[in-house]
Structure formats: C-alpha cells, structure tokens
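Could you read the following note with the sequence and the structure open beside you? I have set it out as numbered points, so that each can be checked on its own.

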Amino acid sequence: MVMDGLGDRAVKELNWQTPLQAANRPNLNWFAEHGASGIVDIIGPGIRPGSDTAHLAILGYDPYLVYTGRGPFEAAGIGIVGNKGDVAFRCNFATVDEHLVVTDRRAGRIKEPDTAELAASLSGITIDGVQITVKEATEHRAVLLLRGEGLSAKVSDVDPHGDTKIHEAVPMDRDAKRTAKVVNAFVKRSYEVLNEHPVNQRRSKEGKPVANILLPRGAGIFPDIQPFEERYGMTAACVAGVSLIKGICRVCGLEVVEAKGATGGLDTDMLAKTRVALEQMESHDLVLMNVKASDIVSHDGNAQGKVKVVERLDEMAGLLREKLPENAVVAFVADHCTPIEVKDHSGDPVPLLIYCQGIVKDGNLTYDEGAAAKGGLGRIRGKDIMPILIDKAGRSEKFGS
Ligand code: ZN
Ligand code: ZN
C-alpha cells in the first residue's frame, strides 16, 4: 500500500508533530505493534524522488538503469504502451496564428470529446517510415508516440513554454537528427490538418480558440524493462487512480485494474479501492495500491487536511486488518516525503511497515516517521523492499547451496 507523499517533517501547526503522528490511526498502529518498521531511502539518502522513479524502485527496479523520462509512462498511463525504442512526447493542443505564434498554449482549455476527434485525425500518419500515434489525455493534453527504426529522445521541445513563436525540434546529438526532422514535419502536418478540421471550424463559430497545432515536449524513449512476472516469477496487479502510476505499472507489466470511485483525487473512494485490491489478491501474487490524496494535500501545504487524509488511510488499513488473507504479507510505505512546509517532495526517508504472520515484532507501537526510524527493519533503499516482501512470502530463491 503506497501512500503517496505521506512522509513529512515536524510541523509547527501540529505542535511539532508530523501529520502522521497527529492523526488518529488505531489500525496502522495495530499493524506497527504486530509487525516491523523501518525507514527507506526510496532512491538514495537525500535524493528527492518523483512518484515515477519512486514506484520503479518500490517494484524493485533500479530507476537509474530503467528510467528514461516521464513521457513513456504518461503515454502508458492513458493506454499507449510502446515497445522498447518507441519515443513518446507529452503534448498540448494549442492555438497559433498564421505565423505560428502561440496565442493560447492550451487552446482555451479544450477537452474531450473535441480533443479525441482531433487526435484521431492525426493518428495513423506515417512520416519518413515512422508511424505516428496521437491520443488525447486530460484536458488540453495529448500524447504523441513515434514508432520506427533508430529513433532518439534527444530532441528539444517544440512547445515554446513562455516564448511566443513555436520552436523547432533540435537534435541534441547526431543520432537524433532523423527524429527531430520527423517531429518538425509532424508539427507542420498537425497545423495543416487541424487548422481545417471541422471541430475547429465549429469552435471558431462559437468564438472559442481553435486547437490548430500540437506542441510536443518532454521526449522519452520507451525503456527496456524486464516484465515483473518474468523478473520475479509472480503475477502482479495495480490499483491506482493516477494516470502516471498506472503507466509505470503497465510498463512494468502489471495488470492495471480499475476501481470504481478511484479518482486519483481527494474525492477518491479509498475503501472501494481496498476492496478491489483484496479481490485482486485472489488472482495475483502481488497487488500494488497507490493512494494519491496524501500527496495532494501536501503540495497544498494543508496540514489539517493531511491529518484527515491519514485518518482515511487508517480506515483502509482497518479494512485490510479485517479481510487480509492469513498468509498475506502487507507493506505500508510512502513513495517519498512531501513535507507540508516544503509543498514538494523531499529527500527524507519514508516510514515502512511490514506485517505478516510470524514476523518478529520490533516493539514499535505506532506507525510514524519517528517510530519507524527505531524499527527492526533498519534503514534500507527502495529497491530492497521487494526482495524483503518476496522472502517474507516464502518465495525467494536461495543464493548458494
Ligand atoms: Zn508520489
Ligand atoms: Zn507529489
């Protein structure tokens, strides 16, 4: 159970307690009393993880070896799982004038179904032997996938961000020349196709900004990741509301299971998610559950809100406590700290708690950052979590004879 951004620092408003310490959490504390805790440097001491690199580490992968940028995971999040070597871009539908000067970087915050229709009109194009796929994402965003021989992600952004005129994609090394050419040709083509598109003719009549160009940024090449099942000989599922987390899990070969009411927001139905996770345990060896709410309130700097989210997380723990199969191994962990005072991820270690039958209790009575630092699991790295869980489940291979 990954409680996103849960870890924190002592907060003045909470009488110098962390939100986790300030919250009423009888169930998490029960697991602490009957399990073992520790602290985890998800990537390494003092390294601030993104949720993407953090989840890779929690799944046992070395993010330094397999992480190639956010693009491919975002693409996978909306269902486009590329092959190794495919290049994915995050894109905006935008408005440009006839000189390709950007007049609205979000095309009036256009959204579905308009974006879906526009994306479909660009999908299936081939440029210089490279196959193009475009799919709409949330609001004015989309994903562009290039598939072909010898592509590279070392190309600069077309999206001018703060600038006015769109940029040319520039190759950042020799191998990226062809990719940059394809991207530039595609952007030009996107203008030709979208500028005349019936959706935009209609928007124009309605006085709305047209979405007459697609602006790629953040190129990333699909990594060579050994599928989870092949790596560990175990099947795995993921229950998450956030697209990026789903994407990471998909690229790692986990089955992404939708839970009704799982939104990735504060309004998410945590108990529904927990029930789906419990169901999935019948058909999968491992289930990874991510709850984003704790990270959202942290980015807002909302201490009281975070305390409330922890209390909802505790209800999830209560449901697990009640329904957990006898032989299950459960881990409660955060993917990184998002301290209220920082309003962003920090490099602090996160509290980990593992519970299973027969585990040696370490004497901790509570689950929080301070208690975990004194716990029996000591201080480990994120990528150590998976081998420990596999061993606790009695499924590790012996090293030597
Ligand atoms: Zn996160
Ligand atoms: Zn965050």
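This is a predicted model: local features need pLDDT of at least 70, side-chain atom pairs count only at pLDDT 80 or more; totals for chains, interfaces and linings use all residues.

1. Residues are numbered from 1 along each chain as its sequence is written, chains are lettered from A and ligands numbered from 1 in the order in which they are written, and side-chain values use heavy atoms, with hydrogens and water left out.

2. I would begin with the open sheet of four strands, whose order is E12-E13-E2-E14 and whose pairing is mixed. Helices (H or I, at least four residues) and strands (E, at least two) are DSSP runs numbered from the N terminus, and two strands pair if DSSP finds at least two bridges between them. Strand E12 (330–332) and strand E14 (378–381) are the edge strands, each pairing on one side only, and the twist averages 35° from one strand to the next. Angles run from 0 to 180 degrees between N-to-C directions, the axes being lines fitted to C-alpha atoms, for helices over the stretch in contact.

3. Within this sheet, E12 and strand E13 (residues 350–355) run antiparallel and are joined by three bridges, with Phe-332 standing opposite Leu-353 in E13. Helix H15 (residues 382–392) lies across strand E2 (36–41), E12, E13 and E14, and runs at about 105° to E14.

4. How many aromatic pairs does the structure hold? There are six of them, where rings of Phe, Tyr and Trp (its six-membered ring) pair if their centres lie within 6.5 Å, and planes under 30 degrees apart count as stacked, over 60 as edge-to-face and the rest as tilted. One is the edge-to-face pair of Trp-30 and Phe-31, at 5.2 Å centre to centre with 80° between the planes. Phe-31 also forms an edge-to-face pair with Tyr-355, at 5.3 Å centre to centre and with 70° between the planes. This second pair links distant parts of the chain, since Phe-31 is in helix H2 (residues 26–34) and Tyr-355 in strand E13, 324 residues apart. Trp-30, Phe-31, Phe-332 and Tyr-355 form one aromatic cluster.

5. In H2 the buried residues are Asn-27, Leu-28, Asn-29, Phe-31 and Ala-32, and what covers them includes helix H13 (303–323), E12 and E13.

6. Which residues coordinate the zinc ion (ligand 2)? They are Asp-295 (OD), His-299 (NE2) and His-345 (NE2), at 2.0 to 2.1 Å, and in sequence these donor residues are spaced D-x3-H-x45-H. Donors are N, O and S atoms within 2.8 Å of the metal (3.2 Å for Na, K and Ca), and water is not among the atoms, so sites may look incomplete. The zinc ion (ligand 2) and the zinc ion (ligand 1) are 4.7 Å apart. His-299 is partly exposed, with a relative accessible area of 31%, whereas His-345 counts as buried at 11%.

7. Ser-294, which is found in helix H12, is buried with a relative accessible area of 0%. Not counting residues up to four places away in sequence, Ser-294 touches Met-3, Asp-4, Gly-5, Leu-6, Lys-306, Val-309 and Leu-313, where contact means heavy atoms within 4.5 Å.

8. Strand E3 (residues 87–96) is mostly covered, with nine of its ten residues buried. E3 pairs in the antiparallel sense with strand E7 (residues 141–147) over six bridges, and seven bridges join E3 to strand E8 (residues 213–221), again antiparallel. Among the bridge partners, Phe-89 has Leu-144 in E7 and Cys-91 has Pro-216 in E8. The hairpin of E3 and E4 has five residues between the strands, and there Leu-100 takes a positive phi near 65°.

Technical notes: Buried means under 20% relative accessible area, exposed over 50%, partly exposed in between (1.4 Å probe, protein chains only).
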